[in-house]
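Please open the structure in your viewer and keep the sequence panel beside it. This tour moves from one selection to the next and says what is there at each stop.

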Amino acid sequence: MEIAGRVAVVTGAAGGVGSVGAARLVREGADVILADIDEERGAAVAAEMGGTFFATDVTEASGANHLIDFANERDGGLGILVNNAGGYNRPVFPDAAAAHWERVLDLNLRAVMLCTQAALPAMARRGVVVNIASAAGTGTRPYDGAPEYAAAKAAVIRLTAAMRERDGVRINCISPDWVGTAAVRESIAAMTDTEREDVPDVLIEPDVIADGVIRFVRDDTLAGRIMVIWCGERSRLLPDNRRD
Ligand SMILES: NC(=O)c1ccc[n+]([C@@H]2O[C@H](COP(=O)([O-])OP(=O)(O)OC[C@H]3O[C@@H](n4cnc5c(N)ncnc54)[C@H](O)[C@@H]3O)[C@@H](O)[C@H]2O)c1
């Protein structure tokens with residue numbers, strides 16, 4: 001699908017991976033709506049790159065619906081949705097209270113489903129959804145960092161493959177290992193030497209995730225596909241239609 005002239009929504013775009021992805025879509029000629037709960041940072045980042053900021057909480061159905069309505073009212077209607085908002089903070093399951101870990105599920109899974117559900121009829125036959133999951137959600141390794149985050153990201157990967165394409169809208173997913181955003185680099189700098197032992201030597205540049213978004217939008221043959229990106233390795237698509 002052509003990107004120039006399309007209306008694109010990127011959630012969680014006030015910083016990190018989302019802001020880099022949004023900036024790339026702006027450079028490719030899209031009309032980009034940067035959606036974020038952080039109004040101050042979001043408005044500044046959007047103004048700097050020539051996008052439009054929309055303040056919203058995507059974990060709320062009303063927030064997701066208003067965002068998609070706003071985008072769809074623009075010239076040409078909504079064409080691209082990047083479900084990027086995500087993350088977690090301590091404490092984590094099972095030490096955290098249910099209300100705390102439920103918010104992690106809401107942000108990393110429910111918000112993806114709410115935005116997708118609102119966007120599908122809006123995009124009807126002319127759209128692409130790209131979900132940003134995480135390497136935390138793949139495989140059978142332990143992930144003590146935040147099991148609920150790993151579970152939500154695994155669900156996003158499965159949701160993508162399970163849906164594949166709906167009414168002409170292609171749904172794909174990027175699953176990165178550690179991404180070298182400013183916030184991630186700051187948190188690594190604050191780690192103890194023992195904690196740092198688990199950190200890969202080379203982090204993924206946020207631009208590599210943006211490359212993946214652009215590929216999924218442009219290539220009309222890709223639907224229900226999962227792009228895994230491990231630190232120090234090239235991006236690759238998981239095989240299609242596998243039983244394992
Ligand atoms: N950084 C990494 O190492 C890494 C690795 C794998 C996957 N990911 C995934 O990539 C995505 C982006 O990660 P990041 O590191 O840039 O995160 P980040 O924390 O830097 O940015 C997330 C953005 O989402 C916004 N946000 C949070 N809650 C929101 C809500 N309810 N409604 C709207 N916006 C909300 C925040 O304000 C923030 O701007 C996430 O889905 C994350 O899980 C990140």
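How many nonpolar, polar and charged residues does the shell around the ligand have? By class, this shell has 13 nonpolar, nine polar and six charged residues, where Ala, Val, Leu, Ile, Met, Phe, Trp, Tyr, Cys and Pro count as nonpolar, Asp, Glu, Lys and Arg as charged, and the others, Gly among them, as polar.

Before you select anything, note that this is a predicted model, in which local features need pLDDT of at least 70 and side-chain atom pairs count only at pLDDT 80 or more, while totals for chains, interfaces and linings use all residues. Residues are numbered from 1 along each chain as its sequence is written, and side-chain values use heavy atoms, with hydrogens and water left out.

**First stop: the ligand**

Select the ligand and display what is around it: 28 residues surround the ligand, and the closest are Asp36, Asp57, Asn84, Tyr149 and Val179 (a residue is near a molecule if one of its heavy atoms lies within 4 Å of it). If you colour the helices, you will find that α1 (16–27) and α5 (147–163) each supply at least two residues of this shell; helices here are DSSP runs of H or I with at least four residues, strands are runs of E with at least two, and both are numbered from the N terminus.

Now look for polar contacts, which are pairs of N or O atoms within 3.5 Å; within protein, one atom must be able to donate a hydrogen and the other to accept it, and residues adjacent in sequence count only if both atoms are side-chain atoms. A polar side-chain atom of Asp57 lies 2.8 Å from a nitrogen atom of the ligand, and a backbone N or O atom of Ile37 lies 3.3 Å from a nitrogen atom of the ligand. On Asn84, a polar backbone atom is 2.7 Å from an oxygen atom of the ligand. The protein covers 84% of the 820 Å² of accessible area that the ligand has on its own, with areas taken from the Shrake-Rupley method and a 1.4 Å probe; for residues, only the protein chains shown count as cover.

**Second stop: Asn84**

Stay with Asn84, which is found in the loop between β4 (78–83) and α4 (98–123). At 11% relative accessibility, Asn84 counts as buried (buried means under 20% relative accessible area, exposed over 50%, and partly exposed in between, with a 1.4 Å probe and protein chains only). The side chain of Asn84 reaches the backbone oxygen of Gly12 at 3.0 Å.

The structure holds four aromatic pairs, and rings of Phe, Tyr and Trp (its six-membered ring) pair if their centres lie within 6.5 Å, with planes under 30 degrees apart counted as stacked, over 60 as edge-to-face and the rest as tilted. Select Phe54 and Phe70, whose ring centres are 4.8 Å apart and whose planes stand at 35°, so the pair is tilted. Phe54 lies in strand β3 (residues 52–55) and Phe70 in helix α3 (residues 61–72), so the pair ties together parts that are 16 residues apart in sequence. Phe54 is buried, with a relative accessible area of 16%, whereas Phe70, at 27%, counts as partly exposed.

Finish with Tyr88, Tyr143 and Tyr149, which form one aromatic cluster. Here Tyr143 is partly exposed, with a relative accessible area of 28%, and Tyr149 is buried, with a relative accessible area of 11%.
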